Every structure is written in structure tokens, then in C-alpha cells.
Amino acid sequence: MSSMPEAMRHVMRDPRSKTLEDPLSLVTRLASRFRTLWMSWTYPFASVGGEFRAHYTCDLRRSIAPYVRIGDSVRLDRDVWVNIPVLPGTNEPVIVFDEGCKVGKRCMISAKNRIHFERNVVLAPSVLVMDHNHAFENVNVPIKSQGITPGGTIRIEEGCRVGFGAAIVCGKGELVIGKNSVIGPNAVVSRSVPPNSVVAGNPGQLVNDLLVNDLPAADAR
Amino acid sequence: MSTVQQDIAIDEASFVSISRIATKLNSIWLRHTYPFAEFGRGASVHYSCDIGRPQSSEICLGDDVYLAPGVWLDVTSGSAGPEPKIVIGSGCSIGRRCTMLARNQIVLEVDVLLGPSVLIMDHDHEASSLENPVHAPSAVSGGRILIERNCWLGIGAVIACGARDLTIGRNSVVGANAVVGQSFPPFSVIAGNPAKLVKTYDQQAGKWVRPHE
């Protein structure tokens, strides 16, 4: 137990009393605020909306910024990695976050062709979204030197939620997660999903009764 | 040659000790300035852990609890009641990047071992009403989660309950990346997504056996 004075502990342990934030957390909040402003002002984003918030640990290189479009109120949490492995020849944006998207801690978004998050998509922590893959066909060459596959495009429609640790990977063609769908935790999705569906498991399967039963699509807040 | 190696060894040791000192200072800071329901003797919280000070009055850490780097403990606002919402018993070891989100109550009994990237969440968000956008945060009620003593959860496991209470019995093992949405009895080995019972402990034979044998 703590060596705090007894009277003080009593005051602080009352669950109804309002506890102030840790003053030390101001440092990280200021750092995140500064990083966001710095990114908004100096990075050559395709476009960046108001109230964009990025945590200071976000990994988003300046060189990919022209291919990233960020809408209003987009939020990137701690340790998010937004990556474009090969810069495209065109001026089309490759990664698009529409208004109100939230990307949870440690998410990794890697796009070669196009990944589009429509309005109000929520990614829980540790989600992987990737529209290409490593090429591995040649057995005589190390996989790391074989480059990446042509891949496809991913569109996650309005209001979708992706659960903790899920992976959305697209080998080829277009992968669409329909409007208001829910992807369960640790699911692996590599095919398109119709609107208003619930997908869980590995490989991801439609399980529409999950909404009221045992397995929730655990997600970020 | 040997002196160079020695120098490197000393350098690395000093960096490690910087991290250790930061963690020690963080634990002392938390113990003395955060209103934890309990902060056990010898509990160690890595400096990169994310625990909100307003939420800490609902969190109870037992003796010798270890929270590895990047652990995130959070209690949803709106939860009422005097009892703590996250209880981590003595001797528990929480792996890197573990996330525990409580609305009702999450209890880890003594000596529970969590691998890295485990998620424990005792509620869900309302998804059944299509008019209601996800962003309007309306958490469904959920239940309580109890993980009994001496359990071991593998890397990436998800323990989440949507509607009712969930208990994982003592000495159970949850496999890597398993997604557990229902209760399991003591002495179970659980794996898969969704999780299934893989093995159970036979008390007479004194060994782990497949459940149908």
C-alpha cells in the first residue's frame, strides 16, 4: 500500500471525487499537439482537414504526404504507422481518411494502390490494413528481395468498425467492406464483405448473429 | 579487443539501467500521486504504460504486479459503484502492449500471466442500430470478466464479453490469437478463433488430455 498520508488517501480514494489529470501527461499532449500542427503546416498532404489529431509517436513520413488525404476530425493514435512502400507515378491520393475516422494504437496501414476509409470508420488497436503483399514465387531468391505484388485496392465504407488485431489484406482486385459492417477481433479478412455484416474468425466468415451473442467486436473507444 | 567488448557491455548496461530507473521512478510517481484503489508492494509499472490518473481510483494492483511496456488500462466513464473496476491480483505479469478496458469489472486473480498484445474487454459498442453511427459512444452493458489464478493467456489473445459474465477457470491456458467470448471451466486449454476447448486436465491420470477422450 502507498505511504501517502492517511487523510489524503481517504480524500483521493472516493470514487466520486473528481481527479485531475496527471500534470506530467501535459508533456505528451503538448508533444502530440505540436506534432499535429507541424504536420498540418509543413507536410505537403493532398489535403488535411480541421481538427486532425495525430499522436507524436505516429510514423508518417513526409515523402508520402502528397499521397495522403486526411478529412476533418481524423485521429491517429499512438504508434500508428501509415506507409506507402512504393511511391506511385500519379498524383492520385493513395491513402484517404474521410471525416471522423479514428485509427487505434499500433495500427498499420500500408498502401500501394489505394486504401480508402470512408466517414466514421473506427479501427481498434493493432489492426493491419494492407492492399499488397510480398512476392514469394521464386524459391531461389530471398523473399525480402522479391519485391511486392501488384495488389489491389481496399475501400472500407462508412461507419465500419474493425476489431482489435484484425487484418484486412487484399491480394488482388477490389476489396470492399460494406457500410456499417463490423469485423471481429483477430479476424483475417481477404474478401469483400456486404453492407451491415459481421465478420469473425480466421478466415473471416459472416456471422450475423454475433451482435447480440457472446462475441463482441471489441474495438477502440 | 576484449576492452572494446567490455566497453560495449558497459554502455548497454547503462542504457538498460536508464530504462530501469525511469520505470522505478514512474512506479514511485504513480504510487504517491495517483489515487489507485491499491498499489501493491513491489508493483512495477513501466514508464510507457498508459493509465489515466482519473481512472486510477478504479484500478487495483496487487503485490509484485509487473506491467510491461505499452500496457493500457482504461475504465469507461459512466461506470458507477464503489468497487474497483480493474483488479490485478498479486504476482500477475502483464505482457507488452496489453489492453484492458473495463466498464463493469475485470478481475485477474493471483499469478495470472498475460503474453504480449492481449486484449481484455468487458463490454461492446452498440452496433445493432444502424441509424446510430458508431461514433456516438453507446457501450452495451456487457458483463464481468474473471480470470482465475494461475492462468496463462498467449500472445494476441482476446477475452471479450458482450452480454453476460465470463469466467476462465484456474490453471487454464489460452492459445495465441484465440478469441474467447464465453466461459471455460478450470484446467482448460483453449485455442482458435472462435475459441474451442482443446485439452483439459485429467486429475486421475495427472496429465492433459483431449476433452472427448
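Visitor: In what order do the six strands of the open sheet in chain A stand?

Guide: This is a predicted model, in which local features need pLDDT of at least 70, side-chain atom pairs count only at pLDDT 80 or more, and totals for chains, interfaces and linings use all residues. Residues are numbered from 1 along each chain as its sequence is written, while chains are lettered from A and ligands numbered from 1 in the order in which they are written. Strands are DSSP runs of E with at least two residues, numbered from the N terminus, and two of them pair if DSSP finds at least two bridges between them. With parallel pairing, the order in chain A is β1-β4-β7-β10-β13-β16.

Visitor: Which strands of chain A stand at the edges of this sheet?

Guide: An edge strand here has a single partner strand, so one side of it is left without a neighbour in the sheet. The two in this position are β1 (47-48) and β16 of chain A.

Visitor: Which residue in β13(A) is the bridge partner of I115(A)?

Guide: Strand β10 (residues 114-117) and strand β13 (residues 152-156) of chain A run parallel and are joined by four bridges. In β13(A), I115(A) has as its bridge partner I154(A).

Visitor: Is K179(A) buried, exposed or partly exposed?

Guide: K179(A) lies in the loop between β16 (173-177) and β17 (182-183) of chain A. A residue is buried if 20 or more other C-beta atoms, placed from the backbone, lie within 10 Å of its own, exposed if 12 or fewer, and partly exposed in between. Because 17 other C-beta atoms lie within 10 Å, K179(A) is partly exposed.
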